[in-house]
Amino acid sequence: DIVEQLQGAPIPASLLESEILPARLDDYDPGDLDAVMAAGEVVWIGIEPLGDRDGRLALFLADHQPHLLPPRPHRASDLPAREQAILAHLQGHGASFFAPLHEAAGAGYPGETVDALWNLAWRGLVTNDTLHALRAFTRSRATARRRSRPAAPSAFRSRRLVPAAAEGRWSKIADPGRGRDATRWAAAATAQLLSRQGVVTREGVGAESIPGGFALVYPVLKAMEEAGRVRRGYFVAGL
C-alpha cells in the first residue's frame with residue numbers, strides 16, 4: 001500500500017530505507033521489500049544521479065509502471081559504446097547477471113562496467129531485481145572505514161568475483177513512449193498526484209520533477225473539475 005502511494009515520487013536512494021519507508025511503516029524490514037521485488041510485484045527505476053554515491057529513484061507497482069513512467073529524454077544512440085553494448089545484450093538475452101554483461105561490454109576493468117550500469121540506471125534505462133546493488137552503491141566507503149566496531153558476520157558470503165554494487169540481475173526497462181497516448185499518461189500521473197498529495201498545488205507538482213510540470217497537470221485537473229471529480233479552491237494559507 002505504501003509503495004502504491006509513493007509511486008513515481010523522486011526519492012533519494014540513501015534515504016529510502018533509512019527515513020522514507022520507516023516513517024510510513026511500523027517495524028520496517030528491508031527483507032519485506034526484497035521479497036516483493038523478487039516476486040516481481042515492485043520495481044525501482046532511477047531518475048537522476050546525486051553526486052557520486054547517490055541518486056533519486058522512484059518505486060512502482062509492476063502493473064502500474066507502464067502507465068506511470070514518464071517519457072524518457074535519452075536515446076540509446078547517444079550513449080557511450082560500453083553502455084550501448086550492455087543495452088544490446090539485455091535486449092537480446094533478457095535479464096542478466098554481471099558476468100555476461102561485463103563480457104558483452106568488452107570485459108576489461110570491472111569497475112568500468114559497474115559505472116556503465118549505474119549510468120544506465122540513473123538514466124532510467126535499466127534496473128535490478130533487488131536492492132542489494134543499490135544498497136552497496138549508496139553505502140559510503142568512508143562510513144565503512146569509520147565504523148567503531150566490526151559488523152556482525154553475514155549468513156551469506158558470495159564466492160563469485162562480482163562487485164557488490166553490481167549484484168543481482170539487471171534488466172532493460174521497456175520504453176513506455178512507444179504506443180502510449182500522452183494524454184493517458186498525463187491523466188494517470190495526475191491521478192497518482194491526487195492519491196499521494198490530497199491537495200495538489202503548483203509547488204507540489206514542481207517538487208516531483210514531472211516532465212511538463214504544472215502545465216501538464218492543469219488541463220487534467222480542469223477536466224476532472226468539470227466532471228465533478230475534484231474541487232478547486234484556496235485550501236492552504238499562503239498558496
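**Pocket, helices and hairpin**

In this predicted model, the largest pocket holds about 570 Å³ of space.

Q: Which residues lie nearest the centre of the largest pocket, and how many line it?
A: The lining has 20 residues, and those nearest the centre are Val200, Thr201, Phe214, Arg232 and Gly233. Two elements, helix H11 (202-206) and helix H12 (213-226), each give two or more residues to this lining. H12 gives the most, with 5 residues.

Q: How do the residues of that lining divide into nonpolar, polar and charged?
A: There are 11 nonpolar, 3 polar and 6 charged residues in the lining of the largest pocket.

Q: Why is H5 called roughly perpendicular to H7?
A: The axes of helix H5 (residues 81-93) and helix H7 (residues 110-122) cross at roughly 75 degrees and come within 9 Å. Angles of 65 to 115 degrees count as roughly perpendicular, so H5 is roughly perpendicular to H7.

Q: Which residues in H5 and H7 meet?
A: From H5 come Arg82, Glu83, Ile86 and Leu87, which meet Glu112, Thr113, Ala116, Leu117, Asn119 and Leu120 in H7. This contact divides into 5 nonpolar, 2 polar and 3 charged residues.

Q: Which residue in the turn of the E2 and E3 hairpin has a positive phi?
A: Gly51 does, at about 70 degrees, and the hairpin has 5 residues between its strands.

Definitions and conventions. Residues numbered from 1 in each chain as written. Predicted model: local features only at pLDDT ≥ 70, side-chain atom pairs only at ≥ 80, totals over all residues. Heavy atoms only, no water. 1 Å grid on protein atoms, 1.4 Å probe; cavity = no way out; pocket = protein on both sides within 12 Å on 5 of 7 lines; lining within 4 Å. Points joined across faces, edges and corners; volume = space filled by probe spheres on them. Helix = DSSP H or I, 4+ residues; strand = E, 2+ residues; numbered from the N terminus. Nonpolar A, V, L, I, M, F, W, Y, C, P; charged D, E, K, R; others polar. Axes fitted to C-alpha atoms, helices over the stretch in contact; angles between N-to-C directions. Parallel < 35°, antiparallel > 145°, perpendicular 65-115°, else oblique. Contact = heavy atoms within 4.5 Å. Pairing = 2+ DSSP bridges.
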